[in-house]
Amino acid sequence: MADLPETWCVPVVRADFRDDGVWEQFKDEIVTPTEEGFVASVEFVEDRALIGLSGAEIAASYPHAYPRQYRHPVVFVVDAVTVSLPEHPLLVVNLKEGDETGPFRTLPRQVQAIENNLSIVNMDFFEFARSAGPDGVFRGF
């Protein structure tokens, strides 16, 4: 099982350590407010235990234990796929207890919308997951 910090913020977990500059770029993009002024309440975490794991393995390492164990319903992961693809889609993992909706990917500029809407229970994880494109990447509504 992967460890997450005890935080009220949604974790953005670094699982690929090949390029510090890319990691800093992701962090900047995620904390920059959207054009509408929305900001993501996130905490950046580095987890070397996830190095080399596939997206499915990473997702399986987090139990669906929100709200019992976690204070946040989702975790974003910057893995090898995120770093290697041109659009840099982050892995989005569902943590909600009783909801078996699988992970999907999203563009870094969508983190704010997902985090904001899930944190205030305005939308459910499955609504974002089913709105992902045929390639499994959510690019917005």
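Which residue follows α4 and has a positive phi? Val121 comes after that helix, and its phi is near 55°. The legends below describe views of a predicted model.

View 1. Helix α4 covers residues 111-119. Seven of its nine residues are buried, so the helix is largely enclosed by the rest of the structure. The buried residues are Val111, Gln112, Ile114, Glu115, Asn116, Asn117 and Leu118. Val121, with its positive phi, follows α4.

**View 2. Helices and strands of the protein chain.** The protein chain contains five helices and six strands. Along the sequence these elements are arranged as β-α-β-α-β-α-β-β-α-α-β. Among contacts with a separation of 6 or more, 64% join residues 24 or more positions apart.

**View 3. Overall dimensions of the protein chain.** The C-alpha atoms fill a box of roughly 35 × 35 × 30 Å along the principal axes. The radius of gyration is 14 Å, which agrees with the value near 14 Å for a compact globule of 141 residues.

**View 4. Burial and surface of the protein chain.** Of the 141 residues, 47% count as buried, meaning that their relative accessible area is under 20%. The accessible surface of the protein chain comes to about 7200 Å². Carbon and sulfur atoms account for 52% of that surface.

**View 5. Charged side chains of the protein chain.** There are 11 positive and 23 negative side chains. The centres of these two sets lie 1 Å apart.

How values were computed
Residues are numbered from 1 along each chain as its sequence is written. This is a predicted model: local features need pLDDT of at least 70, side-chain atom pairs count only at pLDDT 80 or more; totals for chains, interfaces and linings use all residues. Side-chain values use heavy atoms; hydrogens and water are left out. Helices (H or I, at least four residues) and strands (E, at least two) are DSSP runs, numbered from the N terminus. The radius of gyration is taken over C-alpha atoms; the globule rule is 2.2 Å times the number of residues to the power 0.38. Buried means under 20% relative accessible area, exposed over 50%, partly exposed in between (1.4 Å probe, protein chains only). Contact means heavy atoms within 4.5 Å. Accessible areas come from the Shrake-Rupley method with a 1.4 Å probe; for residues, only the protein chains shown count as cover. Lys and Arg count as positive and Asp and Glu as negative; His and the chain ends are not counted. The place of a charge is taken as NZ of Lys, CZ of Arg, CG of Asp or CD of Glu.
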